[in-house]
Number of protein chains: 2
Amino acid sequence: MAVNLSPPDPSRLYPIAGVRLGVTEAGVRKAGRKDLTVLLLEPGASVAGVFTQNRFCAAPVQICREHLQRATGVRAMLINTGNANAGTGEDGRQRAMRTCAALAGRLDLASAQILPFSTGVIMESLPVERIEAGLDAALADAREDNWARAAEAIMTTDTVAKAFGAQLTIAGVRISVTGIAKGAGMIRPNMATMLGLLATDACVSQDLMQQLVTELAEASFNRVTVDGDTSTNDSFVLIASNKARHAVIDSLDSESGRALKGALLEVARKLAQAIVRDGEGATKFISILVEGGKTQAECRQVAYAIAHSPLVKTAFFASDPNLGRILAAVGYAGVDDLDQGAIDLYLDQVHVAQRGGRHPAYREEDGQRVMRQSEITVRVVLGRGAAADTVWTCDLSHDYVTINADYRS
Amino acid sequence: MAVNLSPPDPSRLYPIAGVRLGVTEAGVRKAGRKDLTVLLLEPGASVAGVFTQNRFCAAPVQICREHLQRATGVRAMLINTGNANAGTGEDGRQRAMRTCAALAGRLDLASAQILPFSTGVIMESLPVERIEAGLDAALADAREDNWARAAEAIMTTDTVAKAFGAQLTIAGVRISVTGIAKGAGMIRPNMATMLGLLATDACVSQDLMQQLVTELAEASFNRVTVDGDTSTNDSFVLIASNKARHAVIDSLDSESGRALKGALLEVARKLAQAIVRDGEGATKFISILVEGGKTQAECRQVAYAIAHSPLVKTAFFASDPNLGRILAAVGYAGVDDLDQGAIDLYLDQVHVAQRGGRHPAYREEDGQRVMRQSEITVRVVLGRGAAADTVWTCDLSHDYVTINADYRS
């Protein structure tokens with residue numbers, strides 16, 4: 001199903017010193033699958049996160065924000081699938097807090113040192129007892145080389161687990177980066193997707209963490225969309241375990257700061273793109289590049305209008321070069337003073353439209369050839385400035401409807 | 001296919017004195033179907049229109065705007081299906097002008113007295129010769145009782161022709177209103193849908209026409225959505241043939257003005273809702289009512305977020321009361337200071353969510369029962385003011401994907 005996406009390569013999922021993961025089957029929604037994950041941090045780790053801007057944010061998202069603000073030193077994370085604990089009101093908050101307290105009690109920590117994450121169906125009560133009953137098994141399973149199993153345990157409608165790693169050298173010290181993510185539908189991150197976790201053993205000052213995680217999200221998870229639905233639970237968390245023996249990085253303008261950000265971004269982008277490649281029902285991976293805008297924001301606005309158009313998405317599914325639909329989406333993207341007579345459109349290297357009309361040399365068979373590929377780049381040139389931006393998305397297929405019509409049954 | 005939508009009732013399609021319609025098969029795209037319509041007005045008719053806000057507006061839309069501004073007295077309209085003449089640049093403008101000139105020549109009019117409309121595939125050259133070759137047959141067919149055949153001739157992916165009529169009495173004089181529309185996909189009118197024509201024999205001052213057509217569109221075509229794609233060709237035109245013998249209406253605040261607007265709005269709303277009932281692949285007709293907002297605009301914004309969510313739309317298709325998806329859409333609608341703890345959700349009479357969480361008395365089987373209906377009202381109470389607004393939409397089914405994946409083949 002997923003577009004050019006292989007299962008994680010265990011040899012590239014580097015253990016991160018000071019970060020252990022454990023998984024178990026808690027039966028949150030269905031029996032017979034791993035659905036509960038704990039992530040344990042040694043003291044001294046730096047943690048920061050970005051979260052959904054959906055006003056109906058889930059109870060665990062509210063609690064993550066509060067616990068991160070208290071800065072009492074996050075020491076553990078608790079992740080369940082099968083139930084999003086969103087749209088659950090005050091009762092949902094209390095249930096999420098009870099799971100934090102249960103884990104904190106077993107680890108001799110304060111509840112505020114736990115970050116909870118939930119993913120799954122909205123507006124159902126979180127089964128606290130089942131989660132609590134699974135904690136001991138998950139804790140017993142915890143080890144540093146468990147990233148691949150954790151990537152599996154956080155899946156919902158995902159068809160392929162998503163985990164990537166990278167290594168770099170800072171001041172002669174080998175540094176590792178490993179990340180996992182899940183998410184295949186309700187994907188139009190406006191902060192970060194459903195759940196992304198990125199960890200490194202590098203030493204990063206806590207003051208720098210929020211800036212770093214925000215910039216990473218902006219250039220990775222905030223550039224992808226499957227269906228335009230911003231989830232209630234989007235969370236993207238960055239962990240620096242500070243175990244590597246190099247001078248603490250306290251600026252992204254330093255050589256080591258740039259190197260680390262580069263490696264983190266490489267993994268974050270792979271994870272974000274993996275979510276699109278495994279988008280519900282996806283058969284094609286589409287990069288939408290909008291150039292020649294007055295601002296980066298308007299380029300992204302146009303790119304998202306194309307990426308969200310059901311007509312454009314079904315044309316990609318059908319491999320039908322019905323490319324006027326792309327021009328129509330550019331036109332309604334909301335750039336009020338756009339001049340259609342200045343716009344060019346390319347499909348990979350094929351020049352489709354020039355100055356707002358069909359290019360004289362454009363032949364249907366050239367468009368058709370590109371549309372049959374599994375990876376396609378749409379390039380729109382607005383002809384009004386020097387800004388550019390890119391968004392990644394997938395097509396809209398029968399399977400998207402099937403998956404989302406049958407999700408709960 | 002269409003949801004509770006019957007073919008037009010000829011006995012309710014009242015001839016409008018001074019307005020004749022003729023149709024023919026011009027073979028614009030495919031042979032064997034009526035695809036060319038002319039509408040002829042006697043001198044003295046008042047005409048006004050509203051058009052798409054898509055910046056990639058089609059050549060005929062640009063020309064309609066120009067011709068209406070010149071106020072030389074519109075005397076005819078020329079409508080083709082099969083080709084939208086959009087995304088066609090300067091060549092498209094010249095082709096549209098050539099069709100106007102061809103019709104004007106046959107009627108001894110100026111080109112500026114013709115309004116052209118095109119609907120169909122984007123970014124293909126308009127076959128002017130075929131249209132010109134069909135004009136004589138269409139003109140020979142012109143008569144006042146031809147509304148039903150015109151409604152059929154403007155269809156594209158529509159499965160049912162859309163035409164409604166109404167009658168009223170002004171100062172003892174019987175007045176008729178008849179309208180036709182088409183449009184089943186690329187429907188998120190931002191002025192009016194693909195094509196709506198509404199005619200009355202009432203006497204309306206030209207000065208009042210623009211206000212009247214704008215207010216009518218605002219309360220009808222601008223409240224519906226199928227897939228959120230704003231067409232390049234949306235046009236809604238109001239004709240008053242001024243043939244009825246009553247005092248000219250020059251204000252909507254008068255008794256006769258209110259009565260006429262009421263009848264016009266009744267027909268316009270039926271046409272707009274018919275487009276949703278016949279939305280591509282539609283199996284359900286959904287009314288989304290958002291109340292308790294600070295402004296009508298924010299209510300409509302929330303209603304459109306729900307109406308455009310692929311996850312909400314597929315849940316309706318599946319009759320699955322996965323209603324948390326509606327709350328999620330409310331949350332990402334973009335009302336920045338929304339308090340989720342103030343929000344209630346109803347499905348018809350079933351109270352689903354209260355103060356942001358599942359209502360204690362809500363039972364899944366009650367939601368399930370409503371979801372199985374072919375007509376459903378979603379009511380969201382924002383709890384922050386007294387404003388309200390309504391949007392009409394349909395579900396997202398396998399057939400939507402099939403129709404739009406196969407449209408050109």
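**Figure 1. The chain A–chain B interface.** The two copies meet through the same surface, because 98% of the interface residues of chain A are also interface residues in chain B. The model is predicted: local features need pLDDT of at least 70, side-chain atom pairs count only at pLDDT 80 or more, and totals for chains, interfaces and linings use all residues. Residues are numbered from 1 along each chain as its sequence is written, while chains are lettered from A and ligands numbered from 1 in the order in which they are written. The contact takes 58 residues from chain A and 58 residues from chain B. Two residues are in contact if their C-beta atoms, placed from the backbone, lie within 7 Å. On the chain A side, the elements giving two or more residues are α2 (89-107), α8 (310-317), α9 (324-331), β14 (357-358) and α11 (398-406) of chain A. α9(A) gives the most, with six residues. Helices (H or I, at least four residues) and strands (E, at least two) are DSSP runs, numbered from the N terminus.

**Figure 2. The relation between the copies.** Chain A can be laid on chain B with an RMSD of 0.0 Å, by a turn of 180° and a shift of 0.0 Å along the axis. The two copies are thus related as by a two-fold rotation axis. In chain A, the C-alpha nearest the axis belongs to His398(A), 2.8 Å from it. Superposition is by least squares on the C-alpha atoms of residues with pLDDT of at least 70 in both copies.

**Figure 3. Helix α9 of chain A.** Eight of the eight residues of α9(A) are buried, so this helix is largely enclosed by the rest of the structure. A residue is buried if 20 or more other C-beta atoms lie within 10 Å of its own, exposed if 12 or fewer, and partly exposed in between; C-beta atoms are placed from the backbone. Among the buried residues are Arg325(A), Ile326(A) and Val330(A). Their cover includes α7 (296-308), α8, β12 (344-347), β13 (350-354) and β15 (375-381) of chain A, together with β5 (114-121) of chain B.

**Figure 4. The largest nonpolar core.** This core has 279 residues. A nonpolar core is a set of buried Ala, Val, Leu, Ile, Met, Phe, Trp, Tyr and Cys residues joined through C-beta atoms within 7 Å. Those with the most contacts inside the core are Val302, Ile306 and Val330 of chain A, and Val302, Ile306 and Val330 of chain B. Leaving aside its neighbours within four places in sequence, Ile306(A) touches Ile288(A), Val312(A), Ile326(A), Ala329(A), Val330(A) and Val378(A).

**Figure 5. An open sheet in chain B.** Six strands form the sheet in the order β13-β12-β11-β14-β10-β15 (chain B), with mixed pairing. Two strands pair if DSSP finds at least two bridges between them. The edge strands, β13 (357-358) and β15 (387-394) of chain B, each pair on one side only. Strands β10 (residues 285-293) and β14 (residues 375-381) of chain B pair in the parallel sense over seven bridges. Phe285(B) has Glu375(B) as its bridge partner in β14(B).

**Figure 6. The two domains of chain A.** Chain A is divided into domain 1 (10-277) and domain 2 (285-406); the bounds come from an automatic or database domain assignment. Their centres, taken over C-alpha atoms, are separated by 33 Å. The contact takes ten residues from domain 1 of chain A and eleven residues from domain 2 of chain A.
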